[in-house]
Amino acid sequence: MFVHVETHRRRHVQWATVLLVVLCVISFVGLALMPGPQRMSMWLEWGTVPANIFDPKAPLLPQLHDPSLLRLFTALFIHLAWLHLLGNLLFLVIFGLPAERALGSLRFLLLFVIGGMVANLVGALSLAGVRSPIIGCSGAVSAVLGTYIALFPRARLGLVLPLGFYLEFVRVPAFLLIGIWVLLQLLFSYVGPSYGAVVWWTHIAGFLFGVAFALFSRDAIARRLRG
């Protein structure tokens, strides 16, 4: 599935990706300035802690009305370390800007938020009873990747790479970048105790949500691209 249409270029302010990056950075800096115990308390309070959200012995459906599910949203803007933050934001910018250009800012923001919450929900269900927090926007970024690759499977994205004293502009296949994303998440799984809460089902659910989002939105996206 892909979208390929003749476009009439119009100027649009792409504010959603920038807004999400700013919110993640502000949240990270604010938490980094807190004393260690207070910062840990905030991670547990506003991250998605499966044991605090779901009781595996109780019926699931009534629990979906619990206000504590707000943490599926707040967890998207919490990151444990600068490497965790930069890894997510790098791919959010690489895929987010062209995805937002195709989807429109509001639809892109909807994709990020709902895709991230669904990803965290699946991650929490897969780890029911675990008291380690699921945090970060990896699931939401995976949703953006899923939507972009479903709409533009043959796309090549432009990157600026530092080569010695020079900057070289290259076009890289989107699939290659997604492979790097997977390797980066694998690295986060094993580098230090800060990355113990990486949940693979969160990434998989986010990616699949993104593909489904593209499937149901492609007609509206095609109309938008035609101008």
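The model is predicted: local features need pLDDT of at least 70 and side-chain atom pairs count only at pLDDT 80 or more, while totals for chains, interfaces and linings use all residues. Residues are numbered from 1 along each chain as its sequence is written, and side-chain values use heavy atoms, leaving out hydrogens and water.

**Phe91 and Trp181**
- Six aromatic pairs are found in a search of the whole structure (ring centres within 6.5 Å, taking the six-membered ring of Trp; planes under 30 degrees apart are stacked, over 60 edge-to-face, the rest tilted).
- Phe91 and Trp181 form a tilted pair, because their planes meet at 55 degrees, with the ring centres 5.2 Å apart.
- Phe91 belongs to helix 6 (residues 82–103) and Trp181 to helix 9 (residues 174–190), so this pair ties together parts 90 residues apart in sequence (helices are DSSP runs of H or I, at least four residues, numbered from the N terminus).
- Phe91 is buried at 3% relative accessibility, and Trp181 is buried at 4%.

**Phe95 and Tyr148**
- The aromatic pair of Phe95 and Tyr148 is edge-to-face, with 80 degrees between the planes and 5.6 Å from centre to centre.
- Phe95 in helix 6 and Tyr148 in helix 8 (residues 138–151) are 53 residues apart, and their pair links distant parts of the chain.
- Phe95 counts as buried, at 0% relative accessibility.

**Cluster and charge over a ring**
- One aromatic cluster is formed by Phe73, Phe77 and Phe112.
- Arg71 places its charged end over the ring of Trp46, 6.0 Å from the ring centre (NZ of Lys or CZ of Arg within 6 Å of the centre and within 35 degrees of the ring normal).

Definitions and conventions:
Helices (H or I, at least four residues) and strands (E, at least two) are DSSP runs, numbered from the N terminus. Buried means under 20% relative accessible area, exposed over 50%, partly exposed in between (1.4 Å probe, protein chains only).
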